[in-house]
Amino acid sequence: MTRINSTARAAGIVVLVVTALLGSAYVLGRSLIPDQPKRATGVTANADGPHYADQTSGDEPSATPTAGGTGGPTVAGQDGSERDAQGDQFFGAHSTTGTQRLALTFDDGPDPRYTPQVLATLREFDVKATFCVVGENAQYHPDLIQAIVADGHTLCNHSWHHDVTLGNRSPDVIRADLLRTNEAIRAAVPDAPIVWYRQPGGAWTYPVVSVARQLGMTSLHWSVDPSDWETPGASRIATSVVTQVEPGSVVLLHDAGGERQGTVDALRRMLPDLTQRFELGALPNDPT
């Protein structure tokens with residue numbers, strides 16, 4: 001009996017020792033493994049706060065280069081827009097005239113319904129402007145391109161088919177698009193300078209600015225946008241412009257791309273005020 005009890009006690013001690021050793025080994029092993037980072041869920045703690053999902057912050061370089069793989073590094077902002085390494089979301093595109101002069105710009109034309117009305121109103125107030133024309137519209141209405149130039153206005157390339165995503169395409173595709181647009185313009189006015197380019201939607205990227213520059217065109221953005229493309233009515237368009245402009249402003253307006261009678265009527269309302277307060281002029285054909 002004594003021998004059995006001694007054997008049982010010995011076995012119990014062995015079990016306790018083994019358990020203690022295993023427990024120590026587990027604790028030691030856990031201490032050698034670094035804590036794993038928590039995986040983002042994509043949901044903010046505050047339901048009323050901003051939801052950034054998988055967007056990178058403005059401080060993190062983009063993991064992939066811009067379309068075409070050319071140019072300097074870019075970063076993605078929290079609004080989803082791209083910026084160059086210096087934080088310029090326009091990649092050097094001009095958004096002011098650089099002088100005291102105010103510039104009116106008209107996009108998406110020409111359009112036989114509205115462009116002639118815009119030209120007549122500008123002529124009445126002796127104002128020169130800049131027309132950012134779409135290539136296929138220039139091809140369909142060469143007479144309107146000729147009328148724009150005959151009145152002393154400046155031309156601007158606005159892509160062939162108003163492709164907002166053009167800047168995300170390869171440099172070769174961008175170049176072909178801009179060249180095709182220039183060819184359509186020059187078919188109507190062979191000797192007219194085309195020294196400006198405006199990216200549809202203001203969706204600038206390094207490749208589209210770079211290709212435009214290689215083709216001799218300076219990229220043009222804007223500083224005043226009355227959102228006339230939303231057709232808010234002539235009164236709201238005119239009020240928005242006259243209350244926002246300042247010396248050097250580039251005003252974005254549209255003479256095509258939809259119902260634009262509100263813009264035409266707004267132009268007649270705003271020009272008496274603008275011509276009294278500012279010097280208005282077309283953007284130069286020799287930008288610096």
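Mentor: Six strands line up as an open, parallel sheet in the order E7-E6-E5-E4-E3-E8. Strand E7 (218-219) and strand E8 (250-254) form the edges, each pairing on one side only. Helices (H or I, at least four residues) and strands (E, at least two) are DSSP runs numbered from the N terminus, and two strands count as paired if DSSP finds at least two bridges between them. The model is predicted, so local features need pLDDT of at least 70 and side-chain atom pairs count only at pLDDT 80 or more, whereas totals for chains, interfaces and linings use all residues. Residues are numbered from 1 along each chain as its sequence is written, and side-chain values use heavy atoms, with hydrogens and water left out.

I shall take strand E5 as the part to examine. Strands of a sheet pair through backbone hydrogen bonds, either parallel or antiparallel. E5 pairs in the parallel sense with E4 over four bridges, and here Phe131 stands opposite Leu155 in E5. E5 also pairs with E6 in the parallel sense, over two bridges, and Asn157 stands opposite Tyr197 in E6. Further along, strand E6 (residues 194-197) pairs with E7, again parallel and over two bridges, with Trp196 opposite Thr218 in E7. E5, H5 and E6 together make a right-handed β-α-β unit; right-handed means that, with the strands pointing away from the viewer, the path from the first strand over the helix to the second runs clockwise.

In a regular strand the side chains alternate between the two faces of the sheet. Both faces of E5 are covered: Thr154 and Cys156 are buried on one side, Leu155 and Asn157 on the other. Buried here means under 20% relative accessible area, exposed over 50%, and partly exposed in between, with a 1.4 Å probe and protein chains only. Thr154 belongs to strand E5 (residues 154-157) and counts as buried because its relative accessibility is 3%. Leaving aside neighbours within four places in sequence, Thr154 is in contact with Ala129, Thr130, Phe131, Trp196, Ala282, Leu283 and Asn285, where contact means heavy atoms within 4.5 Å.

Helix H4 (residues 142-150) has Leu144, Ile145 and Ile148 buried. These residues lie on the same side of H4, because they cover an arc of only 105° around the axis, the arc being that of the directions from the helix axis to the C-beta atoms. An α-helix has 3.6 residues a turn, so residues three or four places apart point the same way. The buried residues of H4 pack against E5 and also against helix H2 (115-124), strand E4 (130-133), helix H3 (135-140) and helix H5 (171-188). Gly152 follows H4 and has a positive phi, near 85°.

Asp151 is buried, as its relative accessible area is 18%. Its side chain meets that of Arg123 in a salt bridge (2.8 Å, N to O). Arg123 lies in helix H2 and Asp151 in the loop between H4 and E5, so the pair ties together parts 28 residues apart in sequence. A salt bridge here is a side-chain nitrogen of Lys or Arg within 4 Å of a carboxyl oxygen of Asp or Glu.

Finally, consider the nonpolar cores. The largest has 50 residues, and Phe131 is among those with the most contacts inside it, together with Leu104, Phe106, Leu122 and Leu274. Apart from it lies another core, of 10 residues, including Trp196 and Leu283. A nonpolar core is a set of buried Ala, Val, Leu, Ile, Met, Phe, Trp, Tyr and Cys residues joined through side-chain atoms within 4.5 Å. Phe131, Trp196 and Leu283 are among the contacts of Thr154.
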